[in-house]
Amino acid sequence: MATPVTLTKLQDLQRKLYERAKKEPKFRFYALYDRVYREDVLAHAYALARANAGAPGPDGVTFEQIEEEGNEALLERLRDELKTKRYRPGPVRRVYIPKLSGGERPLGIPNVRDRVVQTAVKLILEPIFEANFEADSYGFRPKRDAHQALDAIRDALRAGMGWVIDADVESYFDRIPHDRLMKAVAERVVDGSMLALVKRLLEAPIVDERDGGGPRSNQQGTPQGGVISPLLANIYLHLVDRNFQRRVKAKELKGRLIRYADDFVLLCPRSPERERKWLDQVISRLGLRLHPTKTRVLHVQEEMFEFLGHRINGRNRGFYLDTSSKALGRIRDEIRRKTRNPNLSLEAVIDGLNGYIRGARQYFRRILRRTLSSLDFFVEGRIARWWARKHHQPRPAWLLTRGGALWRQHGLERWYHPRSPRLTPSRSAT
């Protein structure tokens with residue numbers, strides 16, 4: 001199991017890999033594979049995979065079942081299989097989650113043992129590629145988050161970059177060509193055994209329960225849900241970031257390309273005809289496609305745009321954030337879901353809401369106060385209606401919400417924390 005000593009050894013290894021990659025941008029690493037099955041790497045990989053929990057893969061094995069036998073037994077088997085190069089990843093279970101825009105998003109759920117191996121590979125590869133990722137790439141990277149990406153957009157708008165290419169790569173995670181992705185990995189990695197392992201993880205067969213059949217081969221894409229998928233996705237789109245920076249330095253293009261995984265915007269101080277043409281070309285060369293209707297060019301004096309669940313208003317070089325319409329719909333749907341069961345107690349309903357509100361409030365903490373206040377009214381209105389259904393009353397129980405009783409007496413979390421006492425909520429909440 002991971003200990004402070006083994007974690008320090010791993011951190012030392014990662015620091016050395018990062019420093020070498022940073023110092024020598026063209027250096028290709030040739031001795032990485034044996035690091036993947038080091039005891040400290042596998043132990044920490046298991047700890048990280050365990051912390052993320054998640055549903056079991058196609059083999060149905062859970063972390064709890066593994067720990068009944070002892071996770072050391074699993075790690076020893078994986079170490080032996082990797083060392084002797086007998087390791088083969090199992091299939092990935094494909095599930096679907098609904099998208100607010102319609103349709104569904106596919107997610108891949110690997111077996112627990114494969115999640116551990118993917119995490120171990122990520123621990124070794126990530127510092128190498130992190131050393132050269134561009135500063136305006138923020139998604140799924142250490143010590144970076146969505147709010148830093150929003151800050152970068154704010155800075156670009158205040159610098160006069162009012163033209164925006166709001167880009168959408170169509171089905172990015174499902175369409176990444178494996179051969180081109182492997183070439184991108186091979187720019188920094190020459191270790192054949194490591195490359196072969198990454199390729200096996202990419203090509204793990206898919207088990208789609210809707211098909212009703214067995215595993216089928218996976219010829220393209222890196223399924224969302226896999227531990228290593230965000231890193232591989234960043235490695236591939238780094239080719240776009242790097243090409244853009246080179247052309248900016250050559251004064252062929254202008255602006256800032258701000259990216260969070262496959263979600264990105266290109267801000268420009270002038271009408272971006274050249275930048276749009278370049279973007280179409282570079283995305284096409286990568287075997288990808290910009291969504292024909294979701295990708296658009298706009299000016300912030302005339303239109304707002306959406307990024308990472310936020311609606312951005314940049315008029316007059318200002319910077320105002322609100323929730324996007326889709327994000328607000330998702331929030332309201334989740335609140336409705338948590339206030340639907342009349343068999344729960346009031347304490348159970350509030351407890352379920354509080355965990356969700358705390359997480360969503362932290363992410364949307366910078367949006368307009370009126371939106372946060374409206375969400376407070378919406379939550380209280382939903383609870384008033386839930387109480388009426390529970391007790392077979394004809395009208396919502398507004399008395400339950402009067403004077404902020406739900407948050408004062410029952411501990412309901414609030415979306416907005418005003419300094420002054422809260423007013424009685426409006427009865428128009430729905």
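Q: Nice. Which hand does the crossing of α11 and α12 have?
A: The crossing of α11 and α12 is right-handed, meaning the near helix is turned clockwise from the far one by less than a right angle. The helices are DSSP runs (H or I, at least four residues), numbered from the N terminus.

Q: What sort of model is it?
A: This is a predicted model, where local features need pLDDT of at least 70, side-chain atom pairs count only at pLDDT 80 or more, and totals for chains, interfaces and linings use all residues. Residues are numbered from 1 along each chain as its sequence is written, and side-chain values use heavy atoms, leaving out hydrogens and water.

Q: Back to that pair: at roughly what angle do the axes of α11 and α12 cross?
A: Roughly 145°, with the axes of α11 (residues 229-249) and α12 (residues 273-285) coming within 11 Å. Axes are lines fitted to C-alpha atoms over the stretch in contact, with angles from 0 to 180 degrees between N-to-C directions.

Q: And which residues make the contact?
A: Val240, Asn243, Phe244 and Arg247 of α11 meet Trp278, Val282, Ile283 and Arg285 of α12, with contact meaning heavy atoms within 4.5 Å.

Q: New topic: how do α13 and α14 cross?
A: The axes of α13 (residues 325-338) and α14 (residues 346-363) come within 9 Å and cross at roughly 160°. The crossing of α13 and α14 is right-handed.

Q: Which residues meet there?
A: From α13 you have Arg330, Ile331, Glu334, Ile335 and Lys338, and from α14 Val349, Gly352, Leu353 and Tyr356.

Note on methods:
Helices (H or I, at least four residues) and strands (E, at least two) are DSSP runs, numbered from the N terminus.
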